[in-house]
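Could you walk me through this structure in the viewer, one selection at a time? I would like to know what to click on next and what is there.

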Amino acid sequence: MPISMRMTTWRSLAVTATAVLAAALLTPAAALGAPREGRTPPESRPVYSYANAVRESVWVDTGTDADGDGHTDRVAADIVRPREAARQGRKVPVIMDASPYYSCCGRGNESQKKTYDSSGHVVQMPLFYDNYFVPRGYAFVGVDLAGTNRSDGCVDVGGPSDIRSAKAVIDWLNGRARAYTTRTGSTPVKATWTNGRTGMIGKSWDGTIANGVAATGVKGLKTIVPISAISSWYDYYFAKGAPLYDSGPDWLSDYVESPAARSRCAAERKRLVDGAPRSGDWTPLWTARDYVREAAKVRASVFLVHGMQDLNVRTKNFGQWWDALARHHVKRKIWLSQTGHVDPFDFRRGAWADTLHRWFDHELLGYDNGVDREPMADIERHPDQWVTSRVWPPSGTQATTLRPAPGARPGVGTLQLRAAHGTETFTDDPRLSETDWADQAGRPTAEKAGFLTVPLSRDLRLAGSSRVTVTATPTTTTAHLSAVLVDLGPDTIRDYADAAEGITTLTGRTCWGASTAGDSACFLETAAKTKAVGYTVLSRGWADLGNYADTGKGVPLTPGRAYTITLDLAPTDHVVPRGHRLALIVAGTDKDLIDPPASTPTLTLDLSRTSARIALTGGAAAFARATAGTAPDASAYGTGAGAGAGSRQGVPAAGTAHRVPAAGTVHRVPAA
């Protein structure tokens, strides 16, 4: 397959023999890739040989015996580091990815796994991190979480064992833990080659571990880069009692555990079953996997990346983590894409490598390259079109209360600033999804209640997390609720509901770092997969109405009694353009995104006690301006008086979300 090489004026994509020779002759400061003088921002440079790098494995003692074999568990850490730095006595920082996927499932868009030579030393390390950063004076460490690949112990799905797996390695890098040259041997090994400054990175479960380790406050962890990561495992499985998946963490542990661990870890899996009841009640198991409550302990800076249409690790996870970090004044940076569960290497490759390079140079090498003074947020406004915000949410964003009001037709009301009276009634239909509701937003249908603004006379920006408070009277003892915000109007967006969640994998390759015969730095290119739509679901949230009094415990409902509950909507950054409408839809089961209740209730909304607190840039004044004045010809946008008379054409129904917070591209089971 032909290989194309992308070059820039300041990034070499391969380490040549000339560079290797030059590294041997340079002074120690130059060999590290010392900052260049003058106007060019300082950067580390690829002056070390990747082909000649030290490749070794150590087993770090976690101090616990989770698998009950009578010996403390050891986790495997595979290391690639520059040999010349070690010879010079120069200590290097570490980039670390702790993962359960190195042997069971693969990582990245090409599902790469670790490979080893006959001596057990790592040959291929998945992804580009080692290829790119080792020649620039970093060590890369790939950690097998406890119970996976070559590590002892048991997988406990984001719990103490998972977190201890990675934290123990950071402790070892900083001289506070023991490691050995083999899994069962007694020969100790020390990390004399590192200064202990560590940055953790990873997508999904890997990024989740980075969040959890940061929440321990471990010394030596200087920065984390969580991509599509979980911040609270309860919010991976439930939304205020409403189940998001038809399985629990025990299924997930069995999915990733090594055969040896699977044979020894039945007791741990039982604890996962017993501690995570499908009722959706909060238990101590979830408390132990809630990193948000420990945000005050975070010492590391955070560069967060998430897809705003991620229906695997749903975006509440990044929103609540981001807000908690802000409350504790943690240094932060954020990228928000239009994709689903996709790595930035596959939706913005060149800018990602450049920005990540500068971020690690600043946080781990201490280079004053200005990355910390750049805008805090990059947001994908249209496919491959990005804007920035100096802070995020942007200055002037306020939680603004919008009120639903009855309209001229049952089930189709208005969305306004003024309070209103009246009721709307709908019947849960588990066969239908948010796309079905949005497709008929302006038309009376039995399964939803919709509330639309007038066509906007100005753009309206939503940025941050929103909430919808609903007062509803059910006809049965169980009821699930959904609320979605919809931009009604034509657009071209990434097709996040497609199996690849917004990208297309091409046949050409680009190279990001140095290669060896066993580990290529050249990866398949990708492009945005787009779809022309008539509407866009931009935020959604769910709840079990039985959790009205206690978000952590559900109770049976009394038919005919009114209950009030608040649904947390997914954070987003979206501009509803001039001429479009903003719609709030309230309904029951969101097919394939939550599981249905035991019954199919009819619910009556009390509009006087129902409202939406929407994060609007400019607040109520911006909403008032956008809904006043003369709008453009609404018929041109499909948002006129007849809106909803026919299909608007959105993305297809997303299908059943995969039950794995996967490190690679997540494929979905087609909807029935």
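Predicted model: local features only at pLDDT ≥ 70, side-chain atom pairs only at ≥ 80, totals over all residues.

**Stop 1: the cores**

Start by selecting Trp193, Met200, Trp205, Trp233, Trp321 and Trp392, the residues with the most contacts inside the largest nonpolar core, which has 102 residues. As a general background, nonpolar side chains in soluble globular proteins tend to be buried together.

Next, centre the view on Trp193. Which residues is Trp193 in contact with, leaving aside its neighbours within four places in sequence? The list is Glu56, Ile79, Arg81, Arg90, Lys91, Val92, Val94, Ala139, Val141, Trp172 and Leu173.

Then move on to Phe128, Phe303, Phe360 and Ala514, which are among the members of a second, separate core of 39 residues.

**Stop 2: Asp152**

Select Asp152, in the loop between β6 (139-144) and α5. Is this residue buried or exposed? Asp152 counts as buried, because its relative accessibility is 10% and the cut-off for buried is under 20%.

Now bring up its surroundings. Beyond the neighbours within four places in sequence, Asp152 is in contact with Asp67, Thr72, Asp73, Arg74, Ala146, Gly147 and Arg183. Two of these partners deserve a click. The side chain of Arg183 is joined to that of Asp152 by a polar contact of 2.7 Å. Arg74 is 78 residues away from Asp152 along the chain, yet their C-alpha atoms are separated by 5.3 Å.

**Stop 3: the disulfides**

Show the cysteines next. How many disulfides does the structure hold? There are three, and with bonded cysteines counted along the chain their pattern is 1-2, 3-4, 5-6.

- Select Cys104 and Cys105, joined with an S to S distance of 2.0 Å. The link is left-handed, with -85° about the S-S bond. Cys104 is partly exposed at 26% relative accessible area, and Cys105 also counts as partly exposed, at 24%.
- Go on to Cys154 and Cys265, again joined at 2.0 Å from S to S. This link is left-handed too, with -85° about the S-S bond. The pair links distant parts of the chain, 111 residues apart: Cys154 is in the loop between β6 and α5, and Cys265 in the loop between α9 (259-264) and α10 (266-275). Both cysteines are buried.
- Finish with Cys511 and Cys522, whose sulfur atoms are 2.0 Å apart. The torsion about their S-S bond is about 100°, so this disulfide is right-handed. Cys511 lies in strand β22 (residues 503-511) and Cys522 in strand β23 (residues 522-528), so the pair ties together parts that are eleven residues apart in sequence. Both Cys511 and Cys522 are buried.

**Stop 4**

To find the largest cavity, select Arg314, Lys316, Arg540, Trp542 and Asp568, the closest to its centre of the 16 residues that line it. Then colour β10 (238-239), β24 (530-544) and β25 (563-576), the elements that give two or more residues to the lining. Which of them gives the largest share? That is β24, with three residues.

Key. Residues numbered from 1 in each chain as written. Heavy atoms only, no water. Core = buried A, V, L, I, M, F, W, Y, C linked by side-chain atoms within 4.5 Å. Buried < 20%, exposed > 50% of the residue type's maximum accessible area, 1.4 Å probe, protein only. Contact = heavy atoms within 4.5 Å. Helix = DSSP H or I, 4+ residues; strand = E, 2+ residues; numbered from the N terminus. Polar contact = N/O pair within 3.5 Å; in protein donor to acceptor, adjacent residues only side chain to side chain. Disulfide = S-S within 2.5 Å. 1 Å grid on protein atoms, 1.4 Å probe; cavity = no way out; pocket = protein on both sides within 12 Å on 5 of 7 lines; lining within 4 Å.
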